Protein chains: 2
Amino acid sequence: MAKPRVFIALLHYPIYNKHMEVVTTSITNLDVHDIARSARTYNVETYYIVHPVPAQQELINHMLEYWRSGYGAVYNPDRQEAFQRLQLIDTLEDVIQDIEKKTGQKPVTITTDARVYPNTISYIKLREEIHKGEKPYLLLFGTGYGIIKEVMEGADYILEPIYGGGEYNHLCVRSAVSIILDRLLGEPWWGK
Amino acid sequence: MAKPRVFIALLHYPIYNKHMEVVTTSITNLDVHDIARSARTYNVETYYIVHPVPAQQELINHMLEYWRSGYGAVYNPDRQEAFQRLQLIDTLEDVIQDIEKKTGQKPVTITTDARVYPNTISYIKLREEIHKGEKPYLLLFGTGYGIIKEVMEGADYILEPIYGGGEYNHLCVRSAVSIILDRLLGEPWWGK
């Protein structure tokens, strides 16, 4: 089996707020840390944080510097390693271009939603596809109240919702990323 | 199949720090929120936060009041629902007693570790056991640098480490909880 090539992007724009207005959300410190660690654990090639505002990027870059080359790098080398694959970037278009530059191919884009669409794909099917290793895959995650309709419709696939065992489905994005990476890239623990 | 009865506890004491000294760690706001949402999604009966210091409990109780009955409950009813099953408690012994009171049985205790032990259990085996619904199960999670040896050794089972696909394994506790709940209690997505 070839090596899967998976990229993830956390979108802070264009995002819906509670009232379905298109907004830019703030970068959350914990999203940076937790998702970088999950991404590193599951061998994601690059974790893109998509934010168009330079002041926000600067704030995060300052924090990253501490962990990448400041005292943080000495104090916690695991964190340093997790942050090596993190990249701040302006727009989703830039993400696609960057992946094309890195892999020579346009990535297959996948997003998640609580509803089912004509291009909905199951976890096992996507897992099999990814593990063929023929194409790069980009998983898109939203902040706030979710990624806007136009971006959702532009994705190649939409992943099934995560069913926990009841009606309640309000995982935070950090948990959703972990579970989705585990289902797509984790060891096949169910066959052991 | 009977209904699984699963409880989780996040231990802030007794915990190791970086130097393997036994310490009490602080409660982190995000651990409260993220894990409560994951617990609710996977139908965990009670999410215990174990902390012996009243001042820390008071701080969190203040925050919980806002979400349970203050403006937060109106603004975000999903969060209110997630917090209904959260319980602050002094010690691990109190957790065990509380579960006995609620279920009439002593829970089977399970912890996680990066190493393999004589009582290590696989995810699929534990999943099958839990779904028999005959006994209550208590999953223990540590903060800081992990649960102390004595508690580890006292657990009925130790779950296998989560293998992401490489050597790096430094998930945050919030991610580890999500992934473990999904493996044990999520839908059998791999068979679809």
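Predicted model: local features only at pLDDT ≥ 70, side-chain atom pairs only at ≥ 80, totals over all residues.
Two copies of a chain are related by a rotation about an axis and a shift along it.

In soluble globular proteins, nonpolar side chains tend to be buried together. The largest nonpolar core of the model contains 86 residues. Within this core, the residues that touch the most other members are A:Ile8 and A:Leu139, together with B:Ile8 and B:Leu139. With residues up to four places away in sequence not counted, B:Leu139 touches B:Val6, B:Phe7, B:Ile8 and B:Ala9, and also B:Ile110, B:Leu159, B:Ile180, B:Leu181 and B:Leu184.

Two packed helices are described by the angle between their axes and the distance between the axes. In chain A, helix α1 (residues 29-41) and helix α8 (residues 173-185) have axes that come within 10 Å and cross at roughly 5°. Angles under 35 degrees count as roughly parallel, and α1(A) and α8(A) are therefore roughly parallel to each other. On the α1(A) side, the contact involves A:Leu30, A:Asp31, A:Asp34, A:Ile35, A:Ser38 and A:Ala39. These residues meet A:Val173, A:Arg174, A:Val177, A:Ser178 and A:Leu181 of α8(A). By class, the residues of this contact are 6 nonpolar, 2 polar and 3 charged.

Helix α8(A) also packs with helix α6 (residues 123-131) of chain A, at an angle of about 60° and with the axes 8 Å apart. Here α6(A) contributes A:Tyr123, A:Leu126, A:Arg127, A:Ile130 and A:His131, while α8(A) contributes A:Ile180, A:Asp182, A:Arg183, A:Leu184 and A:Leu185. The contact of α6(A) with α8(A) has 6 nonpolar, 1 polar and 3 charged residues.

In chain B, the axes of helix α1 (residues 29-41) and helix α4 (residues 77-84) come within 8 Å and cross at roughly 80°. Angles of 65 to 115 degrees count as roughly perpendicular, and α1(B) and α4(B) are therefore roughly perpendicular to each other. Residues B:Val32, B:His33, B:Ala36, B:Arg37 and B:Arg40 of α1(B) meet B:Arg79, B:Glu81, B:Ala82 and B:Phe83 of α4(B). The contact of α1(B) with α4(B) comprises 4 nonpolar, 1 polar and 4 charged residues.

Methods. Residues numbered from 1 in each chain as written. Chains lettered and ligands numbered in written order. Heavy atoms only, no water. Core = buried A, V, L, I, M, F, W, Y, C linked by side-chain atoms within 4.5 Å. Buried < 20%, exposed > 50% of the residue type's maximum accessible area, 1.4 Å probe, protein only. Contact = heavy atoms within 4.5 Å. Axes fitted to C-alpha atoms, helices over the stretch in contact; angles between N-to-C directions. Helix = DSSP H or I, 4+ residues; strand = E, 2+ residues; numbered from the N terminus. Parallel < 35°, antiparallel > 145°, perpendicular 65-115°, else oblique. Nonpolar A, V, L, I, M, F, W, Y, C, P; charged D, E, K, R; others polar.
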